Amino acid sequence: MMAPARKKLFIKTYGCQMNVYDSERMRDVLAPLGYEPSEQPDGADMVILNTCHIREKAAEKVYSELGRLRPLKEEKADSGAPMTIAVAGCVAQAQGEEIMRRAPVVDLVVGPQTYHKLPELIAQTHRSRGERLETEFEPVEKFDALAGNRKVAGYSAFLTVQEGCDKFCTFCVVPYTRGAEWSRPVDQIVAEARQLASKGVREITLLGQNVNAYHGEPPAGHEADGVWGLGRLLRHLAMIGGLDRIRYTTSHPNDMDDELIAAHGELECLMPYLHLPVQSGSDKILHAMNRKHTFESYARVIEKVRAARPDIAISGDFIVGFPGETDADFEATMQGVREINYASAFSFKYSRRPGTPGASLPMQVDEAVASERLTRLQALLEDQQTAFNGSQIGRRIPVLFERKGREDGQLHGRSPYLQAVHCDAPDHLIGRIAEVAITGSTRNSLTGELDAKASAA
Ligand code: 5AD
Ligand code: SF4
């Protein structure tokens, strides 16, 4: 992976020791975006005035400094690269709105409580100017190369529709390594999906780091629509002949809009399985993670999805041991898991990723405590998964057979709920969907018997 392009960061620190410390933290938080400290503001890509309110006329000093920065910003703009100017510290806290009004040269104002949000605020500023945040590749080129003649192995394929993320969860490297949220145009996706279908693919999984934030250029003839969301894209893809199954992963709760939820109720080919990470059941921890949702708002989204598609299987991601997580916070996660009832889930011990805001948070959780919590959480999630698999016994479900199974005469396939299914079946059913009567289950898979008609077909 290429490192982000180098950018110059100039921070002017006023006042107390606290501000000197904060300036250091801002440097740390911006390093993963490619910002390197610079000694002077000339030619800097980012200038931060970390202000102090203690002295009289502190604000006036800031305004006169901003006056000096203006010609530098104009010069920089003439050279083709913008200079972003931020005011931080106590003056920002006290007079944020007034600064923005009086000094249009300022792009953003950030108070001392929100330094961990700096990367996010910068991304938003860049986006409002139509720029992308730092990325290590040009997605257009990458996708063009991909869209060429794709080799297809098997009957289930991935199709990338979106890259990057603007959410800036404080534990996650994706917004830095993958850059700003970006969506492929609908027409390109449709062309690739058609090509996959023509090669025998029956199931596609739309991929993206934050796939349900999808907002792609509409197809030819629909320009007046403005960008399309994922729900609209799914409806469109559902019409492609030969594609029997569509899935998407992975999503953020705040991007589950009504059209996407409705699609789950309307599209037969949209599989009844949703991977929707919540990470924690504690609102305090969700806030520290900068998730921008509460557990309650997450639960409400799940409720709406279930109302649209009652048999949907819910999957999720969890992090235990995030800095500041107490026993009570962890119990809230356990309670949340009981409330939602997951069909499957991924759970992780928090791991400090250098450069992310979470890595420099105080109150990192003891390793042994985090391990013990993970064990308990995984036991609960495994119980739920086992129960969900068991609930399929006695049902007849359509299985997409993908390949030969481990035992002779057996095929391996997937249920609509993404469960692995093992079943005695003839080889000619590979690449086809057939009804299977489920007779047995374990934590990780189902077994069943093929409908006699299906095996003869
Ligand atoms: N530590 C632990 N888990 C993490 N994840 C992402 N970053 C971290 C980290 N620093 C998990 C989240 C996410 C999933 C893909 O990986 O749960 O949803
Ligand atoms: Fe984005 Fe997901 Fe990472 Fe949060 S966890 S920053 S939503 S990719």
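About 750 Å² of area is buried between domain 2 and domain 4, and carbon and sulfur atoms give 56% of it; buried area here is the accessible area (1.4 Å probe) that two parts lose on being put together, summed over both. On the domain 2 side, Tyr155, Arg245 and Arg247 lose the most area to domain 4, together 69% of what that side buries. The contact draws 7 residues from domain 2 and 13 residues from domain 4, where contact means heavy atoms within 4.5 Å. Taken over C-alpha atoms, the centres of domain 2 and domain 4 are 27 Å apart.

Before we go on, a word on the model: it is predicted, so to speak of local features pLDDT must be at least 70, side-chain atom pairs count only at pLDDT 80 or more, and totals for chains, interfaces and linings use all residues. Residues are numbered from 1 along each chain as its sequence is written, chains are lettered from A and ligands numbered from 1 in the order in which they are written, and side-chain values use heavy atoms, with hydrogens and water left out.

To place those domains, the assignment gives domain 1 (7-140), domain 2 (152-270), domain 3 (272-391) and domain 4 (396-456); such bounds come from an automatic or database domain assignment.

Now for the helices, which like the strands are DSSP runs numbered from the N terminus (helices: H or I, at least four residues; strands: E, at least two). Helix H9 (residues 258-266) packs against helix H11 (residues 295-308) at an angle of about 35°, their axes 7 Å apart. Axes are lines fitted to C-alpha atoms, for helices over the stretch in contact, and angles run from 0 to 180 degrees between N-to-C directions. Asp258, Ile261 and Gly265 of H9 make this contact with Lys304, Val305 and Ala308 of H11.

Further along, the axes of helix H12 (residues 327-340) and helix H13 (residues 367-390) come within 10 Å and cross at roughly 5°. H12 and H13 are therefore roughly parallel to each other, a label for angles under 35 degrees. The residues of their contact divide into 6 nonpolar, 2 polar and 5 charged. In this count Ala, Val, Leu, Ile, Met, Phe, Trp, Tyr, Cys and Pro are nonpolar, Asp, Glu, Lys and Arg are charged, and the others, Gly among them, are polar.

Let's turn to ligand 2. Its surroundings include Cys165, Cys169, Cys172, His252 and Arg291, each with a heavy atom within 4 Å of it. The whole shell divides into 7 nonpolar, 2 polar and 2 charged residues.

Two backbone details are worth a look. The peptide bond from Thr249 to Thr250 is cis, with omega near 5°, and Thr250 sits in the loop between strand S10 (245-249) and H9. Lys292, although not a glycine, has a positive phi of about 70°; Lys292 belongs to the loop between helix H10 (283-288) and H11.

Conventions. Parallel < 35°, antiparallel > 145°, perpendicular 65-115°, else oblique.
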